[in-house]
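Let's take a walk through this model together, one stop at a time. Have the sequence and the 3D view open as you read.

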2 protein chains.
Amino acid sequence: MNLSYLAPVGSVIALLFAAYLARGVLKSDPGSREMVRISMAVRKGAGAYLKRQYRGVFLFFVAMFLLLAAMAAGGFLTMFVPFAFITGGFFSGLSGFIGMKIATAANCRTACAATDSLNSGLKVAFKAGAVMGFTVVGLGLFDLSFWFFFLKFWYSDPAHLALAAGQSLESAQVQAITSAMLTFGMGASSMALFARVGGGIYTKAADVGADLVGKVEIGIPEDDPRNPAVIADNVGDNVGDVAGMGADLYESYVGSVISTAALAVAAGLEFKGVTIPMALASVGILASILGSFLVSTREDASQKELLTALRRGIWGSGVIIAAVAWPLIRIGLGPGYTGVYAAVLSGLVAGILIGYSTEYFTSDTYGPTQKLADSSVTGPGTVIIRGISLGMYSCVFPVLIVGVSVLVSFYAAGGSSNFNMGLYGIGLSAVGMLSTLGITLATDAYGPIADNAGGIAEMAHLGEDVRKRTDALDSLGNTTAATGKGFAIGSAALTALALIVSYINQVKVINPEFVFDMQITNPAVLVGLFIGSVLPFLFASFTMESVGEVAQSIVVEVRRQFKEIAGLMEGTADPDYEACVDICTKSAQKEMIRPAVVAIAAPLLTGLILGVNGVIGMLAGATACGFILAVMMANSGGAWDNAKKYIESGKHGGKGSEAHKAAVVGDTVGDPFKDTSGPSINILIKLLSMVSIVFAGVILHFSIM
Amino acid sequence: MNLSYLAPVGSVIALLFAAYLARGVLKSDPGSREMVRISMAVRKGAGAYLKRQYRGVFLFFVAMFLLLAAMAAGGFLTMFVPFAFITGGFFSGLSGFIGMKIATAANCRTACAATDSLNSGLKVAFKAGAVMGFTVVGLGLFDLSFWFFFLKFWYSDPAHLALAAGQSLESAQVQAITSAMLTFGMGASSMALFARVGGGIYTKAADVGADLVGKVEIGIPEDDPRNPAVIADNVGDNVGDVAGMGADLYESYVGSVISTAALAVAAGLEFKGVTIPMALASVGILASILGSFLVSTREDASQKELLTALRRGIWGSGVIIAAVAWPLIRIGLGPGYTGVYAAVLSGLVAGILIGYSTEYFTSDTYGPTQKLADSSVTGPGTVIIRGISLGMYSCVFPVLIVGVSVLVSFYAAGGSSNFNMGLYGIGLSAVGMLSTLGITLATDAYGPIADNAGGIAEMAHLGEDVRKRTDALDSLGNTTAATGKGFAIGSAALTALALIVSYINQVKVINPEFVFDMQITNPAVLVGLFIGSVLPFLFASFTMESVGEVAQSIVVEVRRQFKEIAGLMEGTADPDYEACVDICTKSAQKEMIRPAVVAIAAPLLTGLILGVNGVIGMLAGATACGFILAVMMANSGGAWDNAKKYIESGKHGGKGSEAHKAAVVGDTVGDPFKDTSGPSINILIKLLSMVSIVFAGVILHFSIM
């Protein structure tokens, strides 16, 4: 049975559901004039930043379009590639943009609802998060469907195809379609990289800068309106944690689907094989919608009950997809593919387990973060040592989980008798992991909205109890975000592995005679492995340095304002918020160039010098090392953040104590770890593969080895 | 021509030269009674620690001996293996012990000589360092020679050999000899691991603990005799930076020689091929001795001139070895091996370049460390972010240098036509890099001696100008230590690569039918790669956590003493030094168990579950990731240390300023980075291969994959 029509149907349903939710959010009360004013300031700052970012990115896309067009003209690529590249970037950017719009509309509404009760606050924030979640999956599936049907139509004419010797027409069609679709993945990854890196630098530089002077030096609370960087900080939540994350997960989502689709050819499954990941994604949307209705709780629910409610949604969706995937695969592939189902399931389970492992290491209800908080008593030095040690240790579990998932999905899908079926299974496990993205992203995206609502509550002087509620929402968001990050990182590793294989297949298509030597003892592979392993470190270095650099400018500016603006500290004069917003906007733009150049130049240079085998080594090294470094940075950062919150809840002397000061240093270091460098590495490892795939022809032609 | 007799000759010369230098050191004036008293306290503490350590390690070695003997009885190993294992461990430990003895004798003598002049201080400290340097290479070459000649004699009887089909007698002999010798490498690596990890934890826990209370909380200077942890801190220098480093470099040295020797069989070079690395090592000793005579300067030399003097020694030795290696290879291998010479040279040059790169990133005469110092103005948070970013960035260059060195040595040695010759070339580049270890280690080991001398000068109240001179010596030591670390890390990477190939060859010997699938796309290899990549992180986590844990106990103890001992702060009562020494000794012992278990269990478990291909993936991942992480941690740590010193020299408000406090936090974090975790990883990556080699038979027999 042809399941391919499920994809556009799922896409439309997701987008309609997102629109329905958005209406619900916008209908709720935006609060007092003061609150709307602050919200508008944040929205204006975020809009200005995104406009500027998209302008810069636009130039990049134009340049890449021309380059790809030239390559297409030279016969290295098909003519659709440049266009596919553009649409991938466009929709990725659009996902982030819509997410930002709804988030900046929801922040004051969440704060206002929180004046009623914790539960109403949660509802508004969660709805807004769900808008973003369903927009991302809806647009992703839309782009996928569009290109799939268009290319299928185009290549239905055999004259448009070059058949290899002994190749069936269908196989050639699927080949041509999935090759082109991989390029739109590169577009999405490029956009995601800019959004994540630029947004990540913005948000953390503003946050760190605001905290360093505000909390540490001057001793005013978080989000105090006297702090000149407070608006920039709140803008940062929206451009980094919302728009950046939206673009990022758009990329993860389509990346997992198209890399799996591309593996279908070699596995001999052809159209059926391409359809399965798309149909799974579509069914996942329905499961997520059903799951989101499970998120309800009584009016005076405790925080733990709220968490249970959110969990019920995620688990419910997971159970639905697990139940539906079985008949889906039976219908789509025919009998004898039970193992493929096991592969999907292994990904789903692995995602949840990674989420739990992340939670265990970063939540202050468990030992590791509590011990980290204890170490703050002996000062910032021990907090940092412990936090890094915690992050490094915590990597072991995701590595083992992904390792088991790789083996299970490979062998269950039949890898021991048909190697390519096994690889297809690995791809499907990534799809399984991300199938419920609609709802996991919703629980993830509501965090920064709650964070912003807290900021508005503070700045608009809504009173202690409201602030307490928004803090509770924010802290709940930290926990659910842990689960979300687990999915993002785990799926990135699996997708990257699938993409390495896609690269190998692409080389085979371009030059069927090419002799691979992927043995680890081949010096080109080894040196490639070393180079790949160092790339995540280089990338993290660039992004962290940028945060440090921009944060320092913010510190200087905030100090200047406190010194030069009379009455600022007393609250009788207004700070110049714009100045800080401006510094962040300009600097984040500038700072995102260097990492982007690395991500694109590294595979090209490696390929030109070490050849295809070197590139394969590089991709493997970057995936392994990048995965680990991303987990480490995310978990160290999360644990520092929550250790600080744990102390603020009254442990070790609470706020203002020496222990708290030490914990703030940990949190400061953790900010770029968890929200800038860590997540960017997820994108990096996929973008490296995408770039390798797109430039495979060039590398084969010009490589010296 | 048979060059094998060069090895014992070189060994004896090195040991005689060490004895001659030691006499010189012991002849010089140990200083006042007070100085001797302090020096004795340090020596007693260090002795007590080593005694305890060796007792613990002895039990481990007995257990391993029994295990290996059982395996030998079961036919998995030859009967020499258990004995070779023991001697490797014994000599590695002995190297550390002798180093510690001379260092603890030289500390007061250096302080006393520094009352004369900077230059005489340097001479005593450098001589003592050279004792250790030449002891390490002398004992290493002694052990190598002993086993080589003994095994050669034993296997000269064909009845002791099992010839494979079509194998020549000589080939079978070389095979049997090098196989057994690899085991003594495992003994050396195990001992080195304990010494580095245990000593590293001891020294940094004491250092961090002493600083956290002394410098940060109470505000007394470094090495102030009122600090109860000051003796433990000085003991730490000797058990960690001296004894630990001695055992470590012993292991590196013999590891590079035997891994290269083991590659000679597959390369078809047989006895000639085994002799070359041993002969090179021997000639390197002579070159180092000659080089050490170049280290002389006029009496009132500036610090820069002193550095130039030390450099002259290292460069001189390098030039000599470069000149002599050429005829040596010509004589040893015959004509047609120019490429092999190029491989040696590439290692020598790579070592020097890595040293320079380390120096650039960690010396305060260059931009990176100065910028790091600047970032301390905005507090500890930015110092940490910048320092980690610096370390991550600095990895790129060693990776590229090693990458080029691998390619050059592989292809120059003829890898494109004879794959195994290429691998032999890679091994020789490691030997080339370490050939001048005698002198590089001397310049490295003198650092902690100078550091100790400073402590004694402070505690014995020798006055400002003496302390200034010992500080200058210490700071000079930091710079030369950078070069030393470059050699240690670079050679570890190259040796580990050679050992991976030795492992593959060992598997081939045990089961010639074994079908390798080392393709990166093989899931076992991939999962192995992931597991291997996470091991250095796990290892670093364990060692750092231990430092944090023990340092916290020290902090608590020091605080207790300041609170409970009346008159301690005023200097009218003596602190209880013993208590701190005791805590460090006991805890370091306990804490070194966990990392050791990881290093030995990981290859076994990986092998039993993922099979040989999985082990190969694991070794590759651990080597790449471990190399990078080790460089990162060493360089971040070095830069933090020197950024602090830079501020102490009067920048950004100098000592006591807020910037200085922030820089001290950086240094505190950097301590375990650069002196515990980083160097331990070097050993880990080789020990993993050694363990895999020794247990290859068991893994082949019992693996489930």
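This is a predicted model: local features need pLDDT of at least 70, side-chain atom pairs count only at pLDDT 80 or more; totals for chains, interfaces and linings use all residues.

K661(B) and E658(B) pair up in a salt bridge, with their closest N and O atoms 3.6 Å apart. The term salt bridge here stands for a side-chain nitrogen of Lys or Arg within 4 Å of a carboxyl oxygen of Asp or Glu. Both K661(B) and E658(B) sit in helix α19 of chain B, three residues apart, or about one turn of the helix. Helices (H or I, at least four residues) and strands (E, at least two) are DSSP runs, numbered from the N terminus. K661(B) is partly exposed, at 44% relative accessible area, while E658(B) is exposed, at 58%.

Residues are numbered from 1 along each chain as its sequence is written, chains are lettered from A and ligands numbered from 1 in the order in which they are written, and side-chain values use heavy atoms, with hydrogens and water left out.

Now look at chain A, where K661(A) forms a salt bridge with E658(A), the closest N and O atoms being 3.6 Å apart. Because K661(A) and E658(A) are three residues apart in helix α19 of chain A, about one helical turn separates them. K661(A) is partly exposed, with 45% relative accessible area, and E658(A) is exposed, with 59%. Side chains of opposite charge can pair when their charged atoms come close. Over all chains, the structure holds 42 salt bridges. One of them joins the side chains of E458(A) and R467(A), at 3.2 Å from N to O. E458(A) is partly exposed at 22%, whereas R467(A) is buried at 13%. There's also a whole network of salt bridges, linking K204(A), D207(A), D641(A), K645(A), D671(A), K674(A) and D675(A).

Step back and take in chain A as a whole. It has 20 helices and zero strands. Its radius of gyration, taken over C-alpha atoms, is 24 Å, close to the 27 Å that the globule rule (2.2 Å times the number of residues to the power 0.38) gives for 705 residues, so chain A is as compact as a globular protein of that length. The C-alpha trace of chain A spans about 80 × 55 × 45 Å along its principal axes, and 69% of its 705 residues count as buried. What share of the contacts in chain A with a separation of 6 or more comes from residues 24 or more positions apart? That share is 84%, where contact means heavy atoms within 4.5 Å.

Leaving out residues up to four places away in sequence, M132(A) touches several others, including S95(A), V242(A), M245(A) and L441(A).

H461(A), in the loop between α14 (437-459) and α15 (464-510), has a positive phi near 55 degrees despite not being a glycine, and is exposed at 63% relative accessibility. H652(A), in the loop between α18 (593-648) and α19 (658-694), has a positive phi of about 50 degrees and is partly exposed at 34%.

Finally, see how the chains meet. In all, 75 residues of chain B are in contact with 75 residues of chain A. About 6,500 Å² is buried between the two chains, 81% of it from carbon and sulfur atoms; buried area is the accessible area (1.4 Å probe) that two parts lose on being put together, summed over both. Two salt bridges are counted between chain B and chain A, and E549(A) and R386(B) meet in a salt bridge at 3.2 Å, N to O. Several helices give two or more residues to the side of chain B that touches chain A, among them α10 (367-374), α15 (464-510) and α16 (523-564) of chain B. The largest share, 21 residues, comes from α16(B).

Conventions. Buried means under 20% relative accessible area, exposed over 50%, partly exposed in between (1.4 Å probe, protein chains only).
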